[in-house]
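Dear colleague,

I am passing on the structure we spoke about, followed by some notes on what turned up in it. Please read them with the model open beside you.

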Amino acid sequence: MSQLELIPTATPAPDSASVERPRPGSRADRMRKPLARDALKQLAEQHGVCVRPLALRRTDTATGVTEVVEVPCGATLAAKCKPCAERGRRLRIQQIREGWHLADEPAVRPDKPGEDVLALARVRAHLEFEREAVQYQPMTPDERVAHLAEIDAAIAELDEALAETSLRGHLTPKDRDERPRRKRSTRRRQDSPDLPRLPVDPRTVGRAYSGKTGKTHRPSMLVTLTLGSHGPVHSHLRRGPYIAPCECGQRHGPHDDVLGTPVDPTTYDYRRAALDAIHFARVLDRWWQNVRRAAGWNVQYAGAVELQRRLAPHAHFAIRGTLPRRLLKQIAAATYHQVWWPSFNEPVYSVDKPPVWDVDQQAYVDPKTRAPPPTWGEALDALEEPDSRPAYVARLGRIDARGIEQGTRDAERSIRYVTKYVTKDLTDQAKPRSDAQKAHFDRLHAELSVLPCSPTCANWLLYGVQPDGVKAGLTPGGCTGKVHQRSTLGFTGRRVLVSRQWSGKTLADHRADNRSWVRAILAGGMADTEEHDQAAADEADGSTRYRFELARPEDPDVPPLEHRLLRAISARIRWRADLDTARQRTAGAVSATAAPLSPAVR
């Protein structure tokens, strides 16, 4: 045998045609076959049919007819129901698109209250005066309690009468809290720059500019708010075709396994990263308050919160109108949120040996001395001292802003960029893939597990304070709040934030507009037909005419889920074919620019 024959040669990879298939009828052959439920789910998702519809029993109070109807589950996460989540995302896209570059004010002025409402409010004022006067009238304690009970019963009856009127909101809070409110000073911190404070003009539309050709421009902005640095992390920085070196001195690719992880985990401030994530929603509220006060008009916004690769929350907002970038950076530097809680810098107890519940004292006590820690009220009383300081101060970090013109490709791209991760869980786009990223994720979650999330959090026992509304059964380190879950990583606010006067409509209003447009197209343009009038009448009195109740899957009149999905898929295909035919038939009657097909309908 020659030496040439001893050299190993590379064998070509077998293609799909040459791969040996399992024996027909074997278990391996059966396992390769697709599942029926997966095929049904994939078909439903292709046609936009809810994969887990709810069966409701609808009773017509006018005719007495009872039938089983199906409604979509309305899930907002694709992991639960992809068609419903995608439908909700398209509604958000439509909402942001309609309200971003408005030229007219979308605000609707409320009507003046009628005389009947004013009469009830007048009686309510007299009852409130009498309730306060009882406290100063000479009577025994039992007589005072009985008199107050009679007045409270009359107030409750009158509040029910007010709720049945056209009055929106409540004259007084629902729950009467007799405890004195704790007030904090509103004076700005000395380490924060001052901001211009202007009277807020009620307008919500931004400024318009005239071009050289006489065209009017009404630009808006896309703003990204980011928390400050908690330590250097591995990052992929691209400046055009050039990749800048990371803090570690290397150049990382866009899919490197160490992206987002600390360069030095021992010096990375995990505690501050966890606290910033917990209070990020409050910082955003402070930011918009400062923006409106410094800008001098009622700035409107729509955006969403996401996670960066370093697992810190940041937000993208579409702002109607424009503001100077220098002013926005000044507002970001001056925005903070003070957490007026008892100090929780150092834990007093460990998770293994926390305070124990004492039935006789109805409080948690030290395992050795049997002495109870201070209550929540006593701990807050210590903060009333003049030299007291907040337990933590959360601040914003960097801000990026750029102008967006209406009707441009950049505007559509920005809208889809804001709503890119709306259908996913907060941590889905930042799931760890490597051991370094998993260690970073676990370290941050471990820090969140022992920090207090609210006044009622069980973790206060670790810092020698009894939670507000203390009760038996609290487990320090095992609080069930959303802050401590791995799917949130500290952020528990709303993922999608839309100001009230953004488009003048809610998602239900946009959904109703889509239904009305589809109904008009199927009825032959905007023609008034008998079917159109009947459908509108049913929708108008549907809240009082029909009574709904949840049907159980085991009820004899509820078909199996597979049968209901097949029927819904067939109905969806037929409905789409009818809609396409109607659109082609009414192409000349309904202008495509006047009433475009909403992405939420597709």
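Predicted model: local features only at pLDDT ≥ 70, side-chain atom pairs only at ≥ 80, totals over all residues.

Residues are numbered from 1 along each chain as its sequence is written, and side-chain values use heavy atoms, with hydrogens and water left out.

Two backbone positions

Most residues other than glycine have a negative phi. Leu311, although not a glycine, has a positive phi of about 70 degrees, and with a relative accessible area of 5% this residue is buried (buried means under 20% relative accessible area, exposed over 50% and partly exposed in between, with a 1.4 Å probe and protein chains only). Gln362 also has a positive phi, near 55 degrees, and lies in the loop between strand 11 (356-358) and strand 12 (363-365); at 49% relative accessibility, Gln362 counts as partly exposed.

Two packed helices are described by the angle between their axes and the distance between the axes. The axes are lines fitted to C-alpha atoms over the stretch in contact, with angles from 0 to 180 degrees between N-to-C directions, and contact means heavy atoms within 4.5 Å. Angles under 35 degrees count as roughly parallel, over 145 as roughly antiparallel, 65 to 115 as roughly perpendicular and the rest as oblique.

The axes of helix 5 (residues 115-134) and helix 6 (residues 141-163) come within 10 Å and cross at roughly 165 degrees, which means that helix 5 is roughly antiparallel to helix 6. The residues in contact include Leu120 and Leu127 of helix 5 and Leu148 and Ile151 of helix 6. By class, the contact of helix 5 with helix 6 has 13 nonpolar, one polar and seven charged residues (Ala, Val, Leu, Ile, Met, Phe, Trp, Tyr, Cys and Pro count as nonpolar, Asp, Glu, Lys and Arg as charged, and the others, Gly among them, as polar).

For helix 8 (residues 280-295) and helix 9 (residues 325-334), the axes come within 10 Å and cross at roughly 135 degrees, so helix 8 is oblique to helix 9. Trp287, Asn290, Val291 and Ala294 of helix 8 make this contact with Leu327, Leu328, Ile331, Ala332 and Ala334 of helix 9, and these residues divide into eight nonpolar, one polar and no charged.

Helix 13 (residues 507-522) and helix 16 (residues 561-585) have axes that come within 8 Å and cross at roughly 70 degrees, and the two helices are therefore roughly perpendicular to each other. On the helix 13 side the contact is made by Trp517, Val518, Ile521 and Leu522, which meet Trp575, Asp578, Leu579, Ala582, Arg583 and Arg585 in helix 16; seven of the residues in this contact are nonpolar, none polar and three charged.

The chain overall

The protein chain has 16 helices and 16 strands, and 37% of its 602 residues count as buried. Among its contacts with a separation of 6 or more, 74% are between residues 24 or more positions apart.

Technical notes:
Helix = DSSP H or I, 4+ residues; strand = E, 2+ residues; numbered from the N terminus.
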